[in-house]
Amino acid sequence: MHLPPAPYERASEIFTDLYGCSPVKATLMKSIADCATNLEGFEHRVKHLLSEAPILNVDETGLRVNGKREWLHTASTDLLTLYGHHSKRGGKAMDAIGVLPAFKGIMVHDCWLPYFKYPCEHAVCNAHILRDLKGISENFGQNWSDAMQDLLIEIHVAVQETPESAESLPKVEIEKFQRRFENIIETGIAENPPSSQPDPKKRGRQKKTRAQNLIERCQKYRTEILRFMTDFRVPFTNNLAERDIRMVKVQQKISGSFRSVEGVANFCRVRGYISTIKKNEGSILAAIKGAFRRNPFMPIATHRYS
């Protein structure tokens with residue numbers, strides 16, 4: 001089987017094509033480390049701006065470091081990207097990265113429980129909700145999940161058709177959609193009553209079905225699910241953070257595991273810098289030159305229209 005060239009080999013090939021000579025791996029590794037060191041101030045600025053952003057998109061994904069499963073976290077806006085690596089997935093990692101403990105705006109995420117420990121406002125990604133509703137409809141043929149999918153899409157269309165100058169849907173329309181949301185929840189509860197015959201072999205709480213768990217989530221986080229219609233700054237989905245993290249997944253598929261903690265830390269800082277430059281429509285080559293000259297690009301805004 002033909003294996004793709006490793007990242008350093010690909011970089012060497014580029015230098016050979018452009019300049020007729022190629023640096024050795026040790027030189028490339030030192031250059032990346034030097035660049036990452038010079039971006040320490042940039043990363044500090046990004047963390048500060050993200051902690052003060054009105055809307056923040058967050059996500060996390062697994063990655064391999066020296067053969068072990070660890071985690072990459074991202075926090076982003078339409079102008080900023082931060083990547084942080086940690087051995088843990090939950091609150092310990094989020095605290096260590098340092099953005100969420102100080103954040104007071106609205107955090108958009110996939111409804112993973114550790115995010116809710118932070119005392120800011122929250123908004124749930126409706127792409128995840130729609131996917132789970134579709135699974136209930138296709139696998140269990142339930143009516144309430146079909147109705148909830150239709151309602152969320154209808155609200156999304158209503159938001160898109162509202163004049164850009166508006167900050168939310170009209171109050172009357174919000175109340176109408178909220179009543180329909182509650183009615184669908186009641187329908188779902190009726191379709192999925194608690195088991196009247198608990199399993200005598202199992203002690204404690206009886207395990208809930210997938211449908212019951214999703215109904216409970218929609219009921220508990222109704223405000224966060226529908227926040228996109230009451231505050232137009234909030235996106236319908238968390239696609240921004242998912243796009244930012246997708247590149248790392250591609251990197252893992254192509255290049256495989258990181259070999260050291262230092263390597264993944266350098267990668268996160270440099271890649272976050274490049275992503276931020278692209279969002280600000282700057283020249284990546286010029287920005288990289290600035291980083292090596294200890295004069296990196298420094299962002300000043302959290303959002304394009306802030």
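Reader: Is Glu281 buried or exposed, and what is its relative accessible area?
Author: The model is a predicted one. A residue counts as exposed over 50% relative accessible area. Glu281 is therefore classed as exposed, its relative accessible area being 67%.

Reader: Where does Glu281 lie, and what is its phi?
Author: Glu281 is placed in the loop between helix 12 and helix 13, the latter covering 284-292. Most residues other than glycine have a negative phi. Glu281 is not a glycine, yet its phi is positive, at about 60°.

Reader: Which loop holds Asn66, and what is the phi of Asn66?
Author: Asn66 sits in the loop between strand 1 (55-65) and strand 2 (68-76). With a relative accessibility of 58%, Asn66 counts as exposed. Asn66 is a residue other than glycine with a positive phi, and the value is near 55°.

Reader: At what angle do helix 12 and helix 13 pack, and how far apart are their axes? Is helix 12 parallel, antiparallel or oblique to helix 13?
Author: The packing angle of helix 12 and helix 13 is about 135°, and their axes are 10 Å apart. Angles over 145 degrees would count as roughly antiparallel, and 65 to 115 as roughly perpendicular. The angle therefore makes helix 12 oblique to helix 13.

Reader: Is the crossing of helix 12 and helix 13 left-handed or right-handed, and how do the residues of the contact divide?
Author: Helix 12 passes helix 13 in a crossing that is right-handed. On the side of helix 12 the residues that meet helix 13 are Tyr273, Ile274, Ile277 and Lys278, and their counterparts in helix 13 are Ile284, Ala287, Ile288 and Ala291. The residues of this contact of helix 12 with helix 13 comprise 7 nonpolar, no polar and 1 charged.

Reader: Which residues does Ile284 touch, beyond those up to four places away in sequence?
Author: Ile284 belongs to helix 13. Its relative accessible area is 32%, so Ile284 is partly exposed. Lys208 is 76 residues from Ile284 in sequence and 51 Å from it in space, C-alpha to C-alpha. Not counting residues up to four places away in sequence, Ile284 touches Ile274, Ile277 and Lys278.

Reader: Which residues make the contact of helix 3 with helix 12, and how do they divide?
Author: Helix 3 (residues 40-51) and helix 12 (residues 261-279) pack at about 65°, with 10 Å between their axes, and their crossing is left-handed. Helix 3 contributes Glu40, Phe42 and Glu43, while helix 12 contributes Arg269, Gly272, Tyr273 and Thr276. The residues of the contact of helix 3 with helix 12 are 2 nonpolar, 2 polar and 3 charged.

Reader: How is helix 5 oriented relative to helix 8, parallel or antiparallel?
Author: Helix 5 (residues 126-140) packs with helix 8 (residues 210-220) at an angle of about 150°, their axes being 10 Å apart. Angles over 145 degrees count as roughly antiparallel. Helix 5 is therefore, relative to helix 8, roughly antiparallel.

Reader: Which residues make the contact of helix 5 with helix 8, and how do they divide?
Author: Helix 5 passes helix 8 in a crossing that is left-handed. From helix 5 the contact involves Ile129, Asp132, Leu133, Gly135, Ile136, Asn139 and Phe140, and from helix 8 Arg210, Ala211, Leu214 and Arg217. The residues of the contact of helix 5 with helix 8 divide into 6 nonpolar, 2 polar and 3 charged.

Reader: Is Val159 buried or exposed, and with which residues is it in contact beyond its neighbours within four places in sequence?
Author: Val159 is located in helix 6 (residues 143-161). Buried means under 20% relative accessible area, and Val159, at 16%, is therefore buried. Leaving aside neighbours within four places in sequence, the contacts of Val159 are Leu169, Phe228, Met229 and Phe232.

Reader: How many helices and strands are in the protein, and what percentage of its residues is buried?
Author: The protein contains 13 helices and 5 strands. Its C-alpha atoms fill a box of roughly 70 × 55 × 35 Å along the principal axes. Of the 306 residues in the protein, the buried ones make up 43%.

Technical notes
Residues numbered from 1 in each chain as written. Predicted model: local features only at pLDDT ≥ 70, side-chain atom pairs only at ≥ 80, totals over all residues. Heavy atoms only, no water. Axes fitted to C-alpha atoms, helices over the stretch in contact; angles between N-to-C directions. Helix = DSSP H or I, 4+ residues; strand = E, 2+ residues; numbered from the N terminus. Parallel < 35°, antiparallel > 145°, perpendicular 65-115°, else oblique. Left-handed = near helix turned anticlockwise from the far one by under 90°. Contact = heavy atoms within 4.5 Å. Nonpolar A, V, L, I, M, F, W, Y, C, P; charged D, E, K, R; others polar. Buried < 20%, exposed > 50% of the residue type's maximum accessible area, 1.4 Å probe, protein only.
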